[in-house]
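These are my notebook entries on a structure that I had not examined before. I looked up its domains, its chain contact and its helix packing.

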Amino acid sequence: MCFVACEADPAASALPNASVDSILPQADPFDVLAVWSALAEGRRIESGKHAEIADLAQRVASSSYTVVVYEPAALPGPHAALLVEALNRIVKAVNRTTRAGGLALGGDDGALTVSQAVTWLSGFALRTRVSMRAPLDYDPYRYRTQTLLAGGEADALLWVASFVPQSLPDALGADVPAIVLGHPSMAGMLGTRRAPTVFIPVATPGVDSGGHLFRIDATVVAPLRAARHAPLPGVAEIAGRLAAARSQP
Amino acid sequence: MSLARLAGGIVYDPANGVNGERRDLYFRDGRMVAHTGDAAVDEEYDATGMVVMAGGIDLHSHIGGGKTNLSRLLLPEDHRADPARDSDSSGKYLRLPSCGVCTPGTLATGYRYAEMGYTAAFEPAMMPSNARHTHLEMGDTPIIDHGAYVMLGNDELFLQMLAARDDFERLRDYVGWTINASKALGVKVVNPGGISAFKFNQRSLNVDEAHAHYGVTPRDVLRTLSRALTELRVPHPLHVHASNLGVPGNIDSTIATMDAADGLPIHLTHIQFHSYGTEGPRKFSSGAQAIAEAVNARPNVSIDVGQNIFGQTVTASGDTMMQFRNAPMGRPHKWIVGDIECDAGCGVVPFRYREESYVNALQWIIGLEIFLLIDDPWRVSMTTDHPNGGPFTSYPHLIRLLMDKAFRNEQLAKLHPEAQVASALPELAREFSLYDIAIITRAGPARLLGLADRGHLGAGAAADIAVYRDEPDRERMFTSPAYVFKDGRLVARDGTLVAAPAGGIHFVSPDYDRGIEKTLRAYSDANLAGNFAHAAISDDEICACCRGGRLLPVACFPNG
């Protein structure tokens, strides 16, 4: 197990049958991946330079299967997507001769599940404008929550945080109304807002209510069962009640 | 409880031998009923002069699961290209926003199948580890009934047991357990052993070639699985995506695949992609004649075609070995290939089939040749392997190609000139009749799947009915049926939805020895991250996944 451009996680050495090392812990990941990309594509570098990365590339090329594990949320911003792209390019290049795969760790608190469900229902990923009168519009830059709030483009915010308490986004203007379907412990977190604010405490999936949740590898769906029965409605129940009320004549 | 009459239609119901006879049909409570002389008719539908068939059944269409959703993620441009449809002004939100051309959202998928007169579609490649996801997507596909074939034969446990020469009965019970646990209607094997072999860096695997790690061959896998399904008395034969997809000269391995079943029932899917010869200056030729002769000579073999249609689409397959190999030919040039631990894999590569391309033109020719050269339409199902050969919305176009020789010639004349010369198509005068079409699009698939009460219009059958205006342009005719009924309820009229009920799920529950669970639990505890206690999907859970859609258990063949 080799940590690249970061310190080795101390927990890793507790794993059975694992040798753990770290290379270039202080290096800029952009620089490291640029060199590794070049090597993976068969480009030559000046001899003696980037020896650690050259060793890494060689180690990967002579292994039968390498998994590149990364945590998108922990990569340095604001252009972490470029690092993810570089990792994918490297993995694809390695696969021309031996086998390798990438494994992204992310999508917690139901984010991955929402992303999957929105994509299969509508055909578009998240950050899609949904309207009954206009075509769906997918635009990940324009419909980023942060951008919409900062630009004062939102008439109101619907904030869903059923898994863990999550404070309202900083970019939310004080005069923008908010409806919060949140973990019960959020009651004390909302403070006093100038704009109308509605808080509805909701059941926590897998604790208070059943359902399904994607595991972070995006393949396996785990069935959730309520472990206790708190008298709180789930988000789905509230949405269902609103839809039913909306469709009444 | 009301009785409905569909009056004056010309009925094509091959399962009951009805070939274009003018008949009134009656249905009540979602079922076809025999004519009762004095019962009062509550609802009357005028089908005078129209063509009446059972609802269409697509036995191989990638409509749900991981690779379908990855296809959507990969191609937002495909969804933007979807023309805007009339928004629903009734305020009842009958048609929720959903879009896409080659991999529509699940909502759009259900709407469009129903608008075309299809009332069921089957996802052919459900990985056991991805079963819940697949069912959740199909459950969000409104109106049509659905079901899935679970993938086996590349999973580590199966290959380990086969390599260890474990008792056949234990492998059979593992197959039975997997069908039950994943709520499947059948079993599919994709590139037998090849998806796993690719994890061990094998780049091709022929039918009698050994897997680098396990030493077993695709033939061993095929023989074991087809025998297991026969002994489990599962109606649908082993559903096989054969070795060497897309490789010139693959006709030999395709025929070897048929023979690996040792005479037991076997279904070769999207056989067009497996019917390539190596003749001619470009070393790529039609193997349709050889494949059709092989199918004609083997009554245990059924096929679906996987016709390709010109235009943009996306290929989504479990065959990582071949998808990786073909990725450089993908357009637009972006793709995803993933190994799924201990289970199988998935590969998504967009393709643009071009008339000017010799290879694409010949693929189109080969598909049509296969339709036209196989004698028994009951063993041929019409598919485009949606979306791999083209989207299912191309079916009306494909029906016209099969029914209208002059139209076929017109299309052929647009193709790469060398492909036209390399083709036997101009000499094939056969035109499918409406009766033939009813076989390859509903009666045949229903029979191959063991759906006793679907695909026909006899008393007791589900009242899934499509009523078409008899127009000389068959493409137009099959695009917008005058009426579509699902379980007796009018769901579409002249191509416009009028209701969107939840579809039901077809599955089989074969008997097997539950003693195998001890092995499966030990394997799961040692190798998998999930808890074995949650491995199987219960009836209650599947019902929730399907949004309350009906459970439609399919009977296994009786013993003895």
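The entries below record what I looked up.

**Basis.** I worked from a predicted model, in which local features need pLDDT of at least 70 and side-chain atom pairs count only at pLDDT 80 or more, while totals for chains, interfaces and linings use all residues. Residues are numbered from 1 along each chain as its sequence is written, and chains are lettered from A and ligands numbered from 1 in the order in which they are written.

**Domains of chain A.** I found domain 1 (2-104) and domain 2 (107-143) in the assignment for chain A; such bounds come from an automatic or database domain assignment. The centres of domain 1 and domain 2 of chain A, taken over C-alpha atoms, are 31 Å apart.

**Chain contact.** I noted 36 residues of chain B in contact with 26 residues of chain A (C-beta atoms, placed from the backbone, within 7 Å). On the chain B side, α1 (66-74), α2 (76-80), α3 (106-115), α4 (131-139) and β16 (336-339) each supply at least two residues. Helices (H or I, at least four residues) and strands (E, at least two) are DSSP runs, numbered from the N terminus.

**Helix packing in chain B.** I looked up α6 (residues 168-182) and α8 (residues 218-232) of chain B, which pack at an angle of about 70° with axes 9 Å apart. Axes are lines fitted to C-alpha atoms, for helices over the stretch in contact, and angles run from 0 to 180 degrees between N-to-C directions. α6(B) is therefore roughly perpendicular to α8(B) (65 to 115 degrees). Among the residues that meet are Phe168(B) in α6(B) and Leu225(B) in α8(B).

Key. Parallel < 35°, antiparallel > 145°, perpendicular 65-115°, else oblique. Contact = placed C-beta atoms within 7 Å.
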